[in-house]
Amino acid sequence: MAKSDVKIAVLQGAWRRAGGRCECTQSGHGHEGRCNAELNWGLRGSSMDGGWDSLTRTGATDSLANITIVCIDCKRKGRGVGF
Ligand SMILES: [Zn+2]
Ligand SMILES: [Zn+2]
C-alpha cells in the first residue's frame, strides 16, 4: 500500500500546487499538455468522477517535488518516463 506512505501534509501541498486538478502531462493519454481534469479532495483513491491519486517518483522520497497529483483516468493509463 504505497499510497498510505505519503504524508498528508505533503499531499495537501501538492494538491494546492496542482490547484485541485490533474497534473499529468504524459503524451499518449489523449490530453494536450496538462490534463487539468477537475478533482475532488474527498475522492482520493476513488474511481468516481473527480477521483484521483498521487504518484511518487520511483525510488524517491515523498517530498512535494517528487509527487504528482493525477486523475484516476491518467493513473489507469499508466506512469510515464520518470514516474
Ligand atoms: Zn488526468
Ligand atoms: Zn494523463
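In the chain, confidence is highest in helix α1 (residues 8–18), with a mean of 96, and lowest in helix α2 (residues 72–77), at 92. These values are pLDDT, the predictor's confidence in each residue on a scale from 0 to 100. The model is predicted: local features need pLDDT of at least 70 and side-chain atom pairs count only at pLDDT 80 or more, while totals for chains, interfaces and linings use all residues. Residues are numbered from 1 along each chain as its sequence is written, and chains are lettered from A and ligands numbered from 1 in the order in which they are written. The chain averages a pLDDT of 88. A score of at least 70 is reached by 88% of the residues. Where pLDDT is low, the predicted coordinates should not be read in detail.

Two helices and two strands make up the secondary structure of the chain. Helices (H or I, at least four residues) and strands (E, at least two) are DSSP runs, numbered from the N terminus. Along the sequence, the pattern is α-β-β-α. Contacts are pairs of residues with C-beta atoms, placed from the backbone, within 7 Å. Among contacts between residues at least 6 apart in sequence, 51% join residues at least 24 apart.

Of the 83 residues of the chain, 24% count as buried. A residue is buried if 20 or more other C-beta atoms lie within 10 Å of its own, exposed if 12 or fewer, and partly exposed in between, with C-beta atoms placed from the backbone. The largest nonpolar core has 16 residues. Such a core is a set of buried Ala, Val, Leu, Ile, Met, Phe, Trp, Tyr and Cys residues joined through C-beta atoms within 7 Å. Cys 22, Cys 35, Trp 52, Ile 69, Val 70, Cys 71 and Cys 74 touch the most other members. At least two residues of this core come from each of α1, β1 (52–56), β2 (67–71) and α2. Strand β2 gives the most, with four residues.

Ile 69 lies in strand β2. Ile 69 is buried because 24 other C-beta atoms lie within 10 Å. Leaving aside residues up to four places away in sequence, Ile 69 touches Ala 14, Trp 15, Ala 18, Cys 22, Glu 23, Trp 52 and Ser 54. Ile 69 and Thr 56 are 13 residues apart in sequence and 9.1 Å apart in space, C-alpha to C-alpha.

With the same exclusion, the contacts of Cys 22 include Cys 35, Asn 36, Trp 52 and Cys 74. Asn 36 sits in the loop between α1 and β1. Its phi is positive, about 65 degrees, although Asn 36 is not a glycine. Asn 36 is partly exposed, with 16 other C-beta atoms within 10 Å.

Note on methods:
Contact = placed C-beta atoms within 7 Å.
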